[in-house]
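Please look over the model below before reading on. The report is meant to be read with the sequence and the structure side by side.

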Amino acid sequence: MTLTQTLFALICVIAISVGQLLFKNAGNVIQQSGGWMSCKVLIAVIVPIILYGLSTLLWINLLRQVDLYKAQIFMSLSFVLVPIGSYFFFREHITTGFIIGATVVIIGLFIATKFG
């Protein structure tokens with residue numbers, strides 16, 4: 001993959017990860033509002049859907065140029081980014097097991113992109 005393709009893959013992963021955090025936020029907003037029928041709830045739900053849609057279009061464009069197996073490995077980073085984001089934004093707990101697993105994922109990503 002070229003540097004530009006790698007950057008596009010990383011942008012997709014970051015956008016998907018941010019979308020997941022925004023979906024969690026939408027769930028919190030719905031719970032606080034007591035239902036789905038408010039402007040605040042609709043905005044909280046629509047923004048991550050739009051972000052997912054745009055990142056999907058970017059992903060499809062990337063896959064026109066790159067083999068799926070080469071691009072897909074980058075999506076494993078979302079398993080690292082989302083929990084880290086949930087720790088900072090929602091005060092969710094991160095375990096030692098997560099840290100070890102995230103490290104393995106990052107090492108695996110490096111190996112797969114460097115030697116795969």
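## Basis of the model

This is a predicted model, in which local features need pLDDT of at least 70 and side-chain atom pairs count only at pLDDT 80 or more, whereas totals for chains, interfaces and linings use all residues. Residues are numbered from 1 along each chain as its sequence is written, and side-chain values use heavy atoms, with hydrogens and water left out.

## Overall fold

The protein's secondary structure consists of five helices and zero strands, with helices (H or I, at least four residues) and strands (E, at least two) taken as DSSP runs and numbered from the N terminus. Read from the N terminus, the order of elements is α-α-α-α-α, and the C-alpha trace spans about 50 × 35 × 15 Å along its principal axes.

Of the 116 residues in the protein, 28% are buried, where buried means under 20% relative accessible area, exposed over 50%, and partly exposed in between (1.4 Å probe, protein chains only). Contact means heavy atoms within 4.5 Å, and among contacts between residues at least 6 apart in sequence, 68% join residues at least 24 apart.

## The packing of α4 and α5

Two packed helices are described by the angle between their axes and the distance between the axes. For helix α4 (residues 78-90) and helix α5 (residues 96-115), the angle is about 145° and the axes lie 9 Å apart; axes here are lines fitted to C-alpha atoms, for helices over the stretch in contact, and angles run from 0 to 180 degrees between N-to-C directions.

On the α4 side the contact is made by F79, V80, P83 and I84, which meet F98, A102, V105 and I106 of α5. The residues of this contact divide into eight nonpolar, no polar and no charged, with Ala, Val, Leu, Ile, Met, Phe, Trp, Tyr, Cys and Pro counted as nonpolar, Asp, Glu, Lys and Arg as charged, and the others, Gly among them, as polar.

## The two sides of α5

Helix α5 has 20 residues and reaches 28 Å from its first C-alpha to its last, close to the 28 Å expected at 1.5 Å a residue, the expected span being 1.5 Å times one less than the number of residues. In α5, F98, A102 and L109 are buried. Seen down the helix axis, the buried residues of α5 fall within an arc of 35°, so they line one face of the helix; the arc is that of the directions from the helix axis to the C-beta atoms.

These buried residues of α5 pack against α3 (68-75) and α4. On the other side of α5, the exposed residues are T96, I100, V104, F110, K114 and F115.

Most residues other than glycine have a negative phi. R91, although not a glycine, has a positive phi of about 60°; R91 sits in the loop between α4 and α5 and counts as exposed at 71% relative accessibility. I106 belongs to helix α5, counts as partly exposed at 43% relative accessibility, and is in contact with L77 and V80 when neighbours within four places in sequence are left aside.

V41 lies in helix α2 (residues 39-63) and is buried, with a relative accessible area of 0%. Not counting residues up to four places away in sequence, V41 touches V29, I30, S33, G35 and W36. V41 and V29 are twelve residues apart in sequence, and their C-alpha atoms are 6.0 Å apart in space.
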